[in-house]
Amino acid sequence: MTYHLVVGDPRTVARVINMAHRFQCRATRVDSRSTDDVTTADFEFAGPQEQLDRLRAQIDRIVQFEKIFV
Amino acid sequence: MIPSIVPRPKTGGDAVLEALEREGVEVIFGYPGGTIMPFYDALYGHPMRHILVRHEAAAVFAAGGFARTSGRVGVCCATSGPGATNLITGLVDAMMDSIPVVAITGQVRTGLMGTDGFQEADVCAITQCTTKASWLVTDPAQIYTKVREAFALARSGRPGPVLVDIPTDVLKAAYVDHQAPPRKVRDAKPVATRESIAAAAEAIRNAHRPVAIAGGGARDPKAVAAFRRLTSLLGLPHTTTIVGLGASDPADPHGLGMLGMHGTKAANLTVKSADVVMVFGMRFDDRVTGRPDRFVPDATVIHNDIDATEFDKIIPASIALHGDSADTINALCDELMKGHVPRFDDWAIQAKAMGGPLARDVAKDGHLSATDFLDTFFAAMPPDAVVCTDVGQHQMWAAQRIRPQTPRDFCTSAGLGSMGFGFPSAIGACFANPGRHVFAICGDGGFQMTMPELATVKRYQVPVKIVLIDNRNLGMVRQWQELFYDERYSATNLSDNPDFCTIASAYDIASFRIEGPADAEATLASFLAHTGPALLHVSCYPDELVWPMIPSGGVVEDLMESKTA
């Protein structure tokens, strides 16, 4: 599974990696860049499909929390 | 003590206070310490009410109780290191049950961070996965901004806790006049599409045996009104999760009570038999579904939630209604009223008939059954009361019996199941609901986790009434040991409990004692008539179990109503 993450908080990258491992998945590639305001990261994950789906949903939730600010 | 009137220069601590004032905060629950001292210094002599608890865990539980019973954001504060880490359980508790709480923590000074300094803990990292957000503020000009944004985030969309961690040098820094304005918040409420609403209405029109379930997302008064509108419009059998209790009109004959592991037989059998299951603001907790693939395998599931993450997480949604529960249910009612409005009264009567009276154990002669006592208590309790519970058997017995007017009248730690929650959350509920009766129903195990808060009750004369169901055991764990671990009662015996009435007396708190069935009603009446804080110690039969019970991971066919059936 791949995920293109765009967030304000650079710590989210570490959080996503932690979450992946907790869900019995692995982050097999992480390419992340940060400026003062924006962090982007491209992930590749491996793991059971059901767990990857759960991971995607949880990352989506984190992104939603950040999106409430205009 | 009269606060000093010696003028002092304003600091970052004042910026925190200004943000709290701007958010309308009137009370905060906290415990001071080294790094948070600049904030406490600003608080000195300030009209904002600070409630000094006796452990930071109580501060965050009280903030949670405040929020759960009022719908407003609960606020707590603590110092760095142990103060902050003692908040963690309550923050997770708030996250699990979607409760808006803001925690302000002190942090070691900026230059000390990363040196394993005294009382240093990376609380932002620790809470990253237990809050909606945790922010470290290193710029004094950002303090006001970040605290305000924490409130916005805590209450937006699916509510939850937010932590703001501020190093002590930033709190001490000279107040910055021109604090950056908080970022604007976009309307976080998604709206279910017209197509999805129409599909849901069509599924309901084609249904033969529908049922509605209200979860924590239907706690808001508008959602409660909408849920009641839908159920009465259709004559619909309906049930709730433990946090949704009160969403159903207590007078509605089609209400089936609580769903799940210790829910009613009628609720569980009805959901199992339903061909259309409408779910509002519920996340399909494993205590509700048991074995998910057997929960509602053949039903059309109409799932409404404000958080899209919940769709298909546990149970596949046949129709997903992504939106606020109040708006979505009202839109669904409006859509139904455009055409044929089906009625399901006959099915609702059948559904109710699948249940019957709650199963219960019978206490030995001379012993008081906790369920008998709670039946008497709920019959005698003022109808406008707020009830908070701790976690365990008494929690389930209370949830099975209480008929709250609204979900905010019943406050319990549901998702996390945090023992020690009940008593401090009731303290918070008292501050959120002045003039109302507030009861803390606790077990002997959980009460002892936060019992020192009797000092808080004494100091502020918090008018909480504590109902202590004492069976001298960690009853729920013991129940599982009895049923599933061959009666190997490992570490659940509390037969050496202290005399709780004596302890209450040490804090000048009135206490009442029920030793058996003979004195229960009269003593309860005296307790209820007492003005001010009081503790009622109820000595109960230790072998009573919670029935019915669907064993963990089980299905409704596994429902037990006694140890042998």
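A salt bridge here is a side-chain nitrogen of Lys or Arg within 4 Å of a carboxyl oxygen of Asp or Glu. In this predicted model, two of them turn up between chain B and chain A. One of the pairs is A:Arg61 with B:Glu310, whose closest N and O atoms sit 2.9 Å apart.

On the chain B side, the elements giving two or more residues to the contact are helix 6 (123–126), strand 5 (133–136) and helix 7 (143–155). Helix 7 of chain B has the largest share, three residues. By type, the chain B side splits into nine nonpolar, five polar and nine charged residues.

As for overall extent, the contact draws 23 residues from chain B and twelve from chain A. About 1,600 Å² is buried between the two chains, with carbon and sulfur atoms giving 55% of that area. B:Gln128, B:Arg186 and B:Thr309 supply 38% of what chain B buries against chain A, more than any other three residues.

Turning to the fold of chain B, six strands make an open, parallel sheet in the order 9-8-7-10-11-12. Strand 9 (255–258) and strand 12 (319–322) each have a single partner strand, so one side of each is left without a neighbour in the sheet. The twist averages 15° from one strand to the next. Strand 11 (residues 300–305) is joined to strand 12 by four bridges, and B:Asn304 has B:Leu321 as its bridge partner in strand 12. Helix 13 (residues 325–337) of chain B packs on this sheet, touching strands 10, 11 and 12, and its direction makes about 145° with that of strand 10 (276–280).

Methods
Residues numbered from 1 in each chain as written. Chains lettered and ligands numbered in written order. Predicted model: local features only at pLDDT ≥ 70, side-chain atom pairs only at ≥ 80, totals over all residues. Heavy atoms only, no water. Contact = heavy atoms within 4.5 Å. Buried area = accessible area lost by both parts, 1.4 Å probe. Nonpolar A, V, L, I, M, F, W, Y, C, P; charged D, E, K, R; others polar. Pairing = 2+ DSSP bridges. Axes fitted to C-alpha atoms, helices over the stretch in contact; angles between N-to-C directions.
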